[in-house]
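The exercises below ask you to read a structure step by step, and each one is followed by a worked solution.

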Amino acid sequence: MDVREASLTIPAQMDQLHAASGFVREIAEEIGFSAIDLHQIELAVYEACANIVQHAYAHQGDGQIQILVQAERGRRIVITLIDTGTTFDPQAIPAYDPQQAIKGDAQVSGLGLFLIQRVMDDVRFEFCVSEDEAGRSGRFNRLTLIKNL
Amino acid sequence: MTSSLNITSQPLAEQSVVMLSVAGRLDANTVSQLERALMDAQLSGHRAIVIDLGELTYISSSGLRVLLAGRSNARKRGGEILLCNLQPAVREILEMVGFSAIFPIFGSREQAVAAALTTSDQTD
């Protein structure tokens, strides 16, 4: 299987999100996603990173987001976002309801998460604990986004 | 890499309708420009705001929220926001979040302006 792997680490800042989503988009483009799919992949990465900056690192100024991309030519793209901020519980925020918007409510919530879940084929939030060789443990959040070709 | 957005404003039909042409990326870093343009259009007394999205290549949830808030503000003043010339990828996102049932969407500027003039006449 023809697989390309790439990674990028960005400071968890709003002005870095375009760089992160653009990085993933370029790789997705190489393996043949359509223009509409590319917009959706870029959007999912942008929204997911925005959630990390605004929620996971809401009280920390110096966090980072690690972006790992596994692009399987002719098959799918797997994007993994890793952060060490506060764990995000997708169940804890009110789900976006298009009916709320249709009724004229401008204060809709959960729009970013709704988009991520709609445009990707698989979305997984995980809280992980790791241990290094010296036995020191660390904790991190891992978000996996998958889109099939 | 930075985001960029360019907005030009063109009053039409004796100030009752304004055309905003939005080009580039509408995301968290650029959305304040559209917020300001919508506010300016409303403060200038334009009842109908036509937004030409023909050159808009990307929209995030921040951009969607500003469109929704702009519509809410416009309607409080008896006005409306109309969208036209959407690129397929942007249209797909608007349909996904249900905005195609909220905003009048037109294929061309001419169609949108004609509808805007009707909206504007009805509110006079």
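**Exercise 1: the strand β4(B) and its partners**

β3(B) and β4(B) lie side by side in the parallel sense and are joined by five bridges, where two strands count as paired if DSSP finds at least two bridges between them. Helices (H or I, at least four residues) and strands (E, at least two) are DSSP runs, numbered from the N terminus. This is a predicted model, in which local features need pLDDT of at least 70, side-chain atom pairs count only at pLDDT 80 or more, and totals for chains, interfaces and linings use all residues. Residues are numbered from 1 along each chain as its sequence is written, while chains are lettered from A and ligands numbered from 1 in the order in which they are written.

Task: Work out which residue of β4(B) is the bridge partner of B:V50, and how the chain crosses from β3(B) to β4(B).

Solution. Begin at B:V50, whose bridge partner in β4(B) is B:L82. Between β3(B) and β4(B) the chain passes through helix α2 (residues 61-76) of chain B, and this β-α-β crossover is right-handed; that is, with the strands pointing away from the viewer, the path from the first strand over the helix to the second runs clockwise. Next, β4(B) pairs with β5(B), again in the parallel sense, over two bridges, and B:C84 has B:F106 in β5(B) as its bridge partner.

**Exercise 2: the whole sheet of chain B**

Task: Give the order of the strands in the open sheet of chain B and name the edge strands.

Solution. The five strands follow the order β1-β2-β3-β4-β5, and their pairing is mixed. At the edges are β1 (5-12) and β5 (105-106) of chain B, each of which pairs on one side only. Inside the sheet, strand β2 (residues 17-26) of chain B runs parallel to strand β3 (residues 48-59) of chain B, with nine bridges between them, and B:V17 stands opposite B:A48.

**Exercise 3: the strands of chain A**

Task: Describe how β5(A) pairs with β3(A) and with β4(A).

Solution. Chain A has four helices and five strands, which run β-α-α-β-β-α-α-β-β from the N terminus on. Strand β5 (residues 137-148) of chain A pairs with β3(A) in the antiparallel sense over eight bridges, with A:N148 as the partner of A:R76. Strand β4 (residues 122-131) of chain A is also antiparallel to β5(A), over 10 bridges, and A:F127 has A:N141 as its partner. The hairpin of β4(A) and β5(A) has five residues between the strands, where A:G135 takes a positive phi near 85°.

**Exercise 4: where the chains touch**

Task: Find how many residues of each chain are in contact, and which element of chain A gives the largest share.

Solution. Two residues are in contact if their C-beta atoms, placed from the backbone, lie within 7 Å. By this rule 25 residues of chain A are in contact with 24 residues of chain B. On the side of chain A that touches chain B, α2(A) gives the largest share, eight residues.
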